Amino acid sequence: MYQKTHKIILLTILALLLSVSGVTGQTPGGDNQPQEIESIAAVLASRINYQGLLRESGAPVTGSRDMVFRFYSNNTCTTLVGADIVKNGVAVSNGLFSVNLDVPQANFDGQALWLKVAVGAVSLGCREIVAAPYALSLRPGARIEGSGTGLTVVSDATNGQAIRGETTATTGETYSVYGRNSSPEGQAVFGYATAATGVAIGVLGHTNSTAGYGVAGDARATTGTVYGVYGVSRSPAGRGVYGGNTATTGTNYGGFFESNSPTGRGVVGVARHTTSTSDNFGVRGEANSPEGIGVGGYALSATGSGALGVYGRSDSPSGKGVYGNATETNGIGVYGRATATNGNYGVYSYGNIGKTGTMMTLVQTRLNGWVGLHGMESAEALFEDVGTAQLVNGRASVALDPIFAQTVNLKQPYQVFLTPMGDCGLYVAEKTEAAFTVQALGGKPCSIAFDYRIVAKRLGYENQRLMSVESPELSLDDEPERTAPTSPLEVDAP
């Protein structure tokens, strides 16, 4: 019969490297980066060491013994965890022995464990495994604190994860990885891809849910300039935030942004460089599809006059609030569409419109398809009105349309052009701000109809004539060919 008196010294050594390398952070736009972590020569095995004192009949044992080690999840050692660990021929000297046990790392996930040892045919007592004091900092719910980095975890596996979080609950607001930072300049979760080549991703999120979010940011402060998601790129060809959608069907979005504030913006793009002589965009959109839209704006409100699908503004003396560039035949730089037949505008300008080409109205004909009709251009800002009147006994007084009269300056000279509808010469005898008078030549008592055309200067634009303007040449005409960035969404989920 064996009798055994022993003490347990239990060291749990998992395949993790604990380091105290510092990580520093700064507010978005800062220059501080994580410090480099030294590489490791080898990874520790998933192994623990068991030491004991073995006595037989009260005397220390010297020799070798066959032993079996079993782990249990309860204090009565009835619920086995994992398989038996058999160690034959364990060397014992003066009662002392030491043995390394290769254990599945997954069994040491923070659950309480008990160990039972069998020496030969004799099973010894059921003993609880007590962790080394500092190993308690790795148990579930543990808290690690320090003046430097709380915890640094490194994985050198080709497709490994340095830190992996997983929640198995199917309900509730759960987090696989949760970061919290109380510093006004801190980052709760920070991702840093140090590779100088390839599709390196600082933070990557995937979701398989039909209503899920790969990456979601929530800024809950009710005051201040806060960011739900903030991205910065320092590369001359980089993207601070990039969104891509690889689906080939459906109404999908590479990036989708919304605002519920009555004065909010779903998307705001700001190009802050004030001296750049090259292309500088607050928001730029590209579409490679034959039917694609580089930038699309949609105002869903059915009421109000301030609902804007796309809004562009430029404070530069030579800037462009919205710029469109069509480089191919039959292309359209800016396209606006209005589906209502009255009181709706495909393109609306509050202010002047400048162009270097022609302006056409496109009309679909019954026999010849679509044709383009040109508008008349003039050296001044002129409005015109046309109509038909009747000459009676060689005289007619024609009142000007009172609404038309409010759009022009009738104190300035205006022109009236006449077309008689019969054999009678006509002339304009008098013009006032309210009417003009037509008489027959030679005082003939003609009674015929005639057409007239009135041309007057637009009110408020009386002095504009062949105005000098800036060169219409734009730097974007010679814009270099650009290709879409390689999509990071092709990276396999861990």
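Reply: Two strands are said to pair if DSSP finds at least two bridges between them, and strands themselves are DSSP runs of E with at least two residues, while helices are runs of H or I with at least four residues, each numbered from the N terminus. This is a predicted model, in which local features need pLDDT of at least 70 and side-chain atom pairs count only at pLDDT 80 or more, whereas totals for chains, interfaces and linings use all residues. Residues are numbered from 1 along each chain as its sequence is written, and side-chain values use heavy atoms, with hydrogens and water left out.

Me: OK, how many bridges join strand 15 to strand 16?

Reply: There are 5 bridges between strand 15 and strand 16, and the two run antiparallel; Val428, for instance, stands opposite Val438 in strand 16.

Me: And what joins strand 13 to strand 16?

Reply: Strand 13 is also antiparallel to strand 16 (residues 435-440), with 5 bridges joining them, and Ser397 has Thr437 of strand 16 as its bridge partner.

Me: So what order do the strands take in that sheet?

Reply: The 3 strands form an open, antiparallel sheet in the order 13-16-15. Strand 13 and strand 15 (426-431) stand at the edges with a single partner strand each, so one side of each has no neighbour in the sheet. From one strand to the next the twist averages 25°, taken between the N-to-C directions of lines fitted to C-alpha atoms, on a scale from 0 to 180 degrees.

Me: Changing topic, where is Asn74?

Reply: Asn74 is in the loop between strand 5 (63-72) and strand 6 (80-92), and it counts as buried because its relative accessibility is 18%.

Me: What is Asn74 in contact with?

Reply: Leaving aside neighbours within four places in sequence, Asn74 is in contact (heavy atoms within 4.5 Å) with Thr79, Trp114 and Cys126. A polar atom of the Asn74 side chain lies 3.1 Å from the backbone nitrogen of Thr79.

Me: And what does the secondary structure come to overall?

Reply: The protein has 1 helix and 17 strands, and 16% of its 494 residues count as buried.

How values were computed:
Buried < 20%, exposed > 50% of the residue type's maximum accessible area, 1.4 Å probe, protein only. Polar contact = N/O pair within 3.5 Å; in protein donor to acceptor, adjacent residues only side chain to side chain.
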